[in-house]
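Let's take a friendly look at charged side chains and how they pair up. The sequence and structure come next.

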Amino acid sequence: MRKNFYEIFEEIENAKDTGTRVEILRKNASPALLQYFRNVYNPRIRFCVETIPQYKSEDVPVGMSFTSIDMELRRDYLFQEGHPKRPANLPKKRLDEILIQMLEALEAKDAKILAEMFQKKVSYPSITRALVESAFPNQI
């Protein structure tokens, strides 16, 4: 069973050294995790999300959310400036509605991680661009 992103990130935070953190990242590697890190750390990827709209964060038991970040990342192109699949006339109001739906369908900790991705930040201090590049060279 695949771990939630927050479970992976918390495991990295609790690791004692960089080697162990790199190992944890590699052990949990997935196309979605790599895409997440590209979205955060690749400067060519820009999001049109200026602020995160208010959303309701439900306290759902682990594994019982409607979806996962893996699934929601399939729609991240809607928020990327200049993405070829993004509809040119998609109104900001509709984008906000889609983002709220995405965030409310996730477990609270994963929703926070996804919301921060759109702001190009990671609130786990141990997870840096250098760490990610050590684990996944030339993939970000």
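Which helix holds both Asp96 and Lys92, and how many residues apart are they?

## A pair within helix α5

Both residues belong to helix α5 (residues 92-104), where Asp96 and Lys92 sit 4 residues apart, about one turn of the helix. This is a predicted model, and in it the two side chains form a salt bridge, with 3.0 Å between the closest N and O atoms. Asp96 is partly exposed, at a relative accessible area of 23%.

## A pair within helix α6

Lys112 and Glu116 also meet in a salt bridge, at 3.2 Å from N to O. They are 4 residues apart in helix α6 (residues 108-118), so about one helical turn separates them.

Glu116, at 8% relative accessibility, counts as buried, because the cut-off for buried is under 20%.

## A link between helices α1 and α2

Lys27 and Glu11 form a salt bridge whose closest N and O atoms are 3.4 Å apart. This pair connects distant parts of the chain: Glu11 lies in helix α1 (residues 5-14) and Lys27 in helix α2 (residues 18-27), 16 residues apart. Lys27 counts as exposed, at 56% relative accessibility, while Glu11 is partly exposed, at 23%.

Glu11 and Lys27 also belong to a network of salt bridges that includes Lys3.

## The overall count

How many salt bridges are there by this rule? The count comes to 10, among them the pairs of Asp96 with Lys92, Lys112 with Glu116, and Lys27 with Glu11.

Note on methods. Residues numbered from 1 in each chain as written. Predicted model: local features only at pLDDT ≥ 70, side-chain atom pairs only at ≥ 80, totals over all residues. Heavy atoms only, no water. Salt bridge = Lys/Arg side-chain N within 4 Å of Asp/Glu carboxyl O. Helix = DSSP H or I, 4+ residues; strand = E, 2+ residues; numbered from the N terminus. Buried < 20%, exposed > 50% of the residue type's maximum accessible area, 1.4 Å probe, protein only.
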